[in-house]
Amino acid sequence: MFCVTETLSHYSDMLLYVDALKAWKDTELPLVHSLSSEITIQRENLIYHLGEEWQKLAVWKLPSTKTELTSEKSFLKTALHLNRGGSKGDESVPHALLPSILQALSIQGELHKKIKLFGQVLFKYMLKPLILYPSLVVEVSSQPEQGAVLSLQCTETKAEHPDPSQVYTKVLTVENPQFSLPISVPKPNTKTLSEILGDLIWEEMSECIIRECLVHSIPANSSQLAEYSEVIKQTEDFESSLKEMGYLAGDSTDLLKYARNINCHFASKKCQDVIVAARKLMTSEMHNTVKITPEYKLSIPKLPNPSGGEKERKESSKKSAHYDQQSLENEKQLSPNTLCLPMCRISESVQQLMELAIQTLSEVVGSSPQCAVQLFYTVRNIFHLFFYVVPTYHKDNFLKLPHLAAIQHNNCMFIAHHLLTLGFQFKPHLPLKDGVAYFVDLVPGFRRLGARCFVAQMNVQKAEMLERLSTARNFSNLDDEDNYSVASKAIRQVIHQLRRLGKVWQDVLPVNIYCKAIGTLLNTAISELINKIMMLEDISNVDGERLRTLCQTIIEEGPLVFNPLPDENKNKKYQEEVPVYVKKWMTLKEISMVLNANLQEIVDRWAEGKGPLAAEFSCNEMKSLIRALFKNTERRAAALAKITK
């Protein structure tokens, strides 16, 4: 029988003899060169034949090179035929030539290359798809006198990500010693095929298992962490099996370390998922709103008492209640709505954002200190993210849509309100040092953010209002019908703008903010009208009557824009309080009276600087207005002389 090892022995001897001849001095015999060339040719010939024998051991059937490997179906044509080379009596016994072939390849330095290429193909077309796709399974079929065939099959499954136990089972099926040729090479200190194969593909395969499998198996909440011990045990058993088959050597690998370090990975994944979910809420539509009432409270799960037993807690509660009863007896009670949010509307997404923050903080209960701290700062990062993402992402809409600007104002005030106490509710469960601000330090920033957004919208509305009033031609020469028509139209447009805003902000803004906002805008229009009237140097009787008509239009219709509540009957209260919110309201009423009054009525209303006119106008302003309204006569001079303080 042809013996490969004997051939290699003769080859090594010949190589030594030729090297010895070449070492002689002045030796240039043609025979030496011929022998050297022949040995090289025979070596290459031997390597070629050994390569052919190696190819017979593992025959691959792979997908077409034109096929895109993007789904599990593209791997269904993958198959590996493992030829044991056994005898007819027992195909599980390797052929006698097989160890010699392997040793020969090893001696020639070709075995490592062959196994490396085999390992790359095995991982790319069989192991990696089995890890990636839950629906793929490996099927093993035996063929008499030939060996075994490993092929990939597709099964129905609803799982999006592979389960660790299933992945481990599939990998062990492929790397089972019956099929993966772990045959020892009979040479001292030489590794088995399985050891070489394990050294070549284990690192890449373990990274793939971590990235595509273990990452997705991390629990979504802390209550599931205890169940993860089963995954750790499965990982330990998986590595133990690989060690028994010779694929692994040494202690625990990165795969097992990853599984055991679940607390750290849980916190990292939880934080990442929370930030992603938070950003999605921040960039979602803000139009969908929920109504907030003074009775509204965030739903905070019941937290365990970190110190003391139930009995101590009850006794402490009884003492506290007894003390409160004694100390507050016969004293005035605060309103139930004290320190409560006023009735308004906020975005549904912001309500969900706060619920997400509370849910994340609830995870710190029972978590490791490192995990608890990481979760706490993740919640802080949520609010930092809101501070920068929302104003930037919705910037244009906040300026164009007054409704959204009002909602953003409420959103910021809602968050600021709950940040005041949010940290202290979870303080006993957070391993933080004394002096940590928790979330209170974020409150002023959120209040400024909400106010800045709403003030920007107010400035837009003021600019629109002043632009409309600028078309009134300074309210001069109103005896001209065209001029009067333009001025009247400008006033009507302003009233219409305020009514539209009143409808948009109705039941959205808190009542006090609504009245202040509408009052400020109405005051802007009134101030502009009064300033234009005071600048007129000559006001005819017709001009005066028409100016008074414009003033009366505002006086009559101005209060009607105050509609903070959907119920009209409840709005009457705020319509009667217009002077509280419109600083120039009484000034408008007084100037309207002056435009239709005679000199004596004006003097009487001035009342030597103590009347209602004196409260709204200075001496110079009143004198200037009298000069514009009345001709220069002795009566006017006498009236002017009485306008003093």
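Which residues are buried in helix 11? In this predicted model, they are S349, V350, Q351, L353, M354, L356, A357, I358, T360, L361 and S362.

**Helix 11**
- Helix 11 covers residues 348-362, and its 15 residues reach 21 Å from the first C-alpha to the last, close to the 21 Å expected at 1.5 Å a residue.
- Because eleven of the 15 residues are buried, helix 11 is largely enclosed by the rest of the structure.
- Its buried residues pack against helix 9, helix 12 and helix 14 (402-426), as well as strand 5 (289-292) and strand 6 (344-347).

**Helix 9 with helix 12**
- Helix 9 (residues 262-282) packs with helix 12 (residues 369-393) at an angle of about 20°, and their axes are 10 Å apart.
- With an angle under 35 degrees, the two helices are therefore roughly parallel to each other.
- The crossing of helix 9 and helix 12 is right-handed.
- Residues making the contact include F266, V274 and I275 of helix 9 and L375, L385 and F386 of helix 12.
- By type, the residues of the contact of helix 9 with helix 12 are 15 nonpolar, six polar and two charged.

**Helix 16 with helix 18**
- Helix 16 (residues 481-505) and helix 18 (residues 541-557) cross at roughly 10°, with axes that come within 11 Å.
- That angle makes helix 16 roughly parallel to helix 18.
- Among the residues in contact are E481, R492 and R499 of helix 16, together with R546, L550 and E557 of helix 18.
- The residues of this contact of helix 16 with helix 18 comprise six nonpolar, three polar and five charged.

Notes: Residues numbered from 1 in each chain as written. Predicted model: local features only at pLDDT ≥ 70, side-chain atom pairs only at ≥ 80, totals over all residues. Heavy atoms only, no water. Axes fitted to C-alpha atoms, helices over the stretch in contact; angles between N-to-C directions. Helix = DSSP H or I, 4+ residues; strand = E, 2+ residues; numbered from the N terminus. Parallel < 35°, antiparallel > 145°, perpendicular 65-115°, else oblique. Left-handed = near helix turned anticlockwise from the far one by under 90°. Contact = heavy atoms within 4.5 Å. Nonpolar A, V, L, I, M, F, W, Y, C, P; charged D, E, K, R; others polar. Expected span 1.5 Å × (residues − 1). Buried < 20%, exposed > 50% of the residue type's maximum accessible area, 1.4 Å probe, protein only.
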